[in-house]
Amino acid sequence: MAIQRRRFLHAAGVGAILGLSGCTGESNEPQADGETTASGGSQEESSGGATQELTLATTTSTYDTGLLDALNPVFEEKFDARIKTIPQGTGAAIETARNGDADVILVHARGAEDEFLEEGYGVNRRDVMFNDFVIVGPADDPAGIQGMSSAADAFATIADTQSTFVSRGDDSGTNKKELLVWEAAGVEPSGQWYRAIGKGMGDTLVQADQSGAYTLSDRGTYLATQDNVDLEILVQGPLQGGPTILKNPYGVIPVNPAKYPDVNYPLAMAYAGFLTSPEGQEIISNYTANGSQLFFPNALSEDPQFGQYVPEGYSDGSGNGSASVSDAQFEQWVAENVPEDF
Amino acid sequence: MFGLGDLNLTYLVSITVVSLYVSTVAVLLSAAIGLPVALTVGFRDFRGKSIVTSIISTGMGFPSVVVGLVVLLMLSRSGPLGELELLFTPEAMIISQTILALPVLVSVSLSAVQSVPQDLRDAAFATGGTSVDVALLVVREARYGIVTALLAAYGRAISEVGSVLIVGGNIVFSDSTSFTRTLTTAITVEARKGNIETGIALGAILLALVLTVNALGARFRDRNSAGGNR
């Protein structure tokens, strides 16, 4: 707390300095104008040159934990690119890409990702990394869920005891996972004890802390926010022996250039390639916060991992699961792609 | 250097510059559009005038998130203006802030313009002034209220967070320079991370900026009106 107060004073000081420098100028507006025009000019210059831009729509968990600050500069240097990162919830990030306003997405909700692939908006999905979710709550644990081995049982107990539960309620990956667990528990959460707040993970942890409530958090954000809240992990995720339902895999999906010809598809593929390359995977593996590794890379595998490219349970109907060897698929390619006068 | 958690000086300065740039351009644009509208509506008598003024003042209460969503739909690649590729740029933020600032500016300056006595305009016409001369005279007479309108519009624009978050995308480059992150959207990031103190510190910077702009505006306004009375 003492450190935070010092930071706060420091910040107030910086604010005062900035404010004062505004006062001393005869008028700070044209000045600010000039600066921005200058930087705007250099931006145009650079995008007109070799530097390409990549718009990445991603989840707040990869952004707020600082992981992308470790990954993106390396990619930018290597590919002479500049990344515009838009941190949103998984639902919002997928929606942004569905509208063609992003080149690539890095998200964590397999169900929603599969839908995105099935609608044809995404191509070449790759697994990137994973961690897990944990159920956190006040140390005195009024519902008594500590150490339960089933997330569904823990949620059912919270519902039975009507203990306050704070939900993200924002269609994020974490929110989708939470709803999945409620479904597994056979509970439709409703009533005064269940509060959907529509905020990010950090806000949600703070609000749960302030109101003595339980919530579901990804482990990464919980670890990164730990200093600011008094919540404790009451049900562990699969990384520490907890139930597998709390798994949290991340995937990268470039946007289909056939749907949106203006997306930077080659650079999006390069980004997916970088994240899943030995170099990118090592950066992910080495990234820590508060002394803990936050994400575990899982892209590298000597054996084929076909499941990552297609929606879960995908089959082309011919029973062999691989579209390339299907005669029907080949005939369709011929019909669509070969000119009639060939 | 100026450590504030992981916020460095480059970051603080560039989000401040983006805030100032976007809001200043938005207010200047809405002044360029809004003042002629206020003058026209203020001086003409036409049927439905009271409805028009009601609509304008309703715009002051327009939720910024809704404006953000509408601008998003317009500028998205799948929207009608998608080819301009303006989404997630400062220009997109200027568009949404202009839409938000315009009703405030028109509404407040309209009442200032309407308070200029009819006699004065009649006299100006009588002494051979063109309508442009008369308009300039009215603007000069109503300058106190018009500066207030500019400041109110500026306050609406720079403190706004809902629409710029949606249409700007809250982008910072990896060298800590802001592209579309403003002071207000930076505060949302800190709030999301649970860094409440840092968020409040950014709020203090924002407040200092608004105070500075208001002080400059008030000085300009008072100096001029004092000169006018002499």
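1. How many salt bridges are there between domain 1 of chain A and domain 2 of chain A? The count is zero. Keep in mind that this is a predicted model.

2. On the domain 1 side of chain A, 17 residues take part; they meet 17 residues of domain 2 of chain A. Together the two domains of chain A bury about 1300 Å², and carbon and sulfur atoms account for 61% of that. Three residues stand out: His108(A), Asn290(A) and Leu294(A) supply 30% of the area that domain 1 of chain A buries against domain 2 of chain A, more than any other three residues.

3. Polar links are counted too. Two residue pairs are in polar contact between domain 1 of chain A and domain 2 of chain A, both at pLDDT 80 or more. Several elements build the domain 1 side: helix 3 (60-64), helix 5 (90-98) and strand 9 (247-254) of chain A each supply at least two residues to it. By class, that side of domain 1 of chain A holds eight nonpolar and nine polar residues, and no charged residues.

4. Chain B has a record to check against. An unreviewed UniProt entry lists residues 16-217 of chain B as "domain: ABC transmembrane type-1". In the model, this stretch of chain B is 75% helix and 0% strand. Its end C-alpha atoms lie 19 Å apart.

How values were computed. Residues numbered from 1 in each chain as written. Chains lettered and ligands numbered in written order. Predicted model: local features only at pLDDT ≥ 70, side-chain atom pairs only at ≥ 80, totals over all residues. Heavy atoms only, no water. UniProt positions renumbered as here; feature names shortened; annotations may be inferred. Helix = DSSP H or I, 4+ residues; strand = E, 2+ residues; numbered from the N terminus. Contact = heavy atoms within 4.5 Å. Buried area = accessible area lost by both parts, 1.4 Å probe. Salt bridge = Lys/Arg side-chain N within 4 Å of Asp/Glu carboxyl O. Polar contact = N/O pair within 3.5 Å; in protein donor to acceptor, adjacent residues only side chain to side chain. Nonpolar A, V, L, I, M, F, W, Y, C, P; charged D, E, K, R; others polar.
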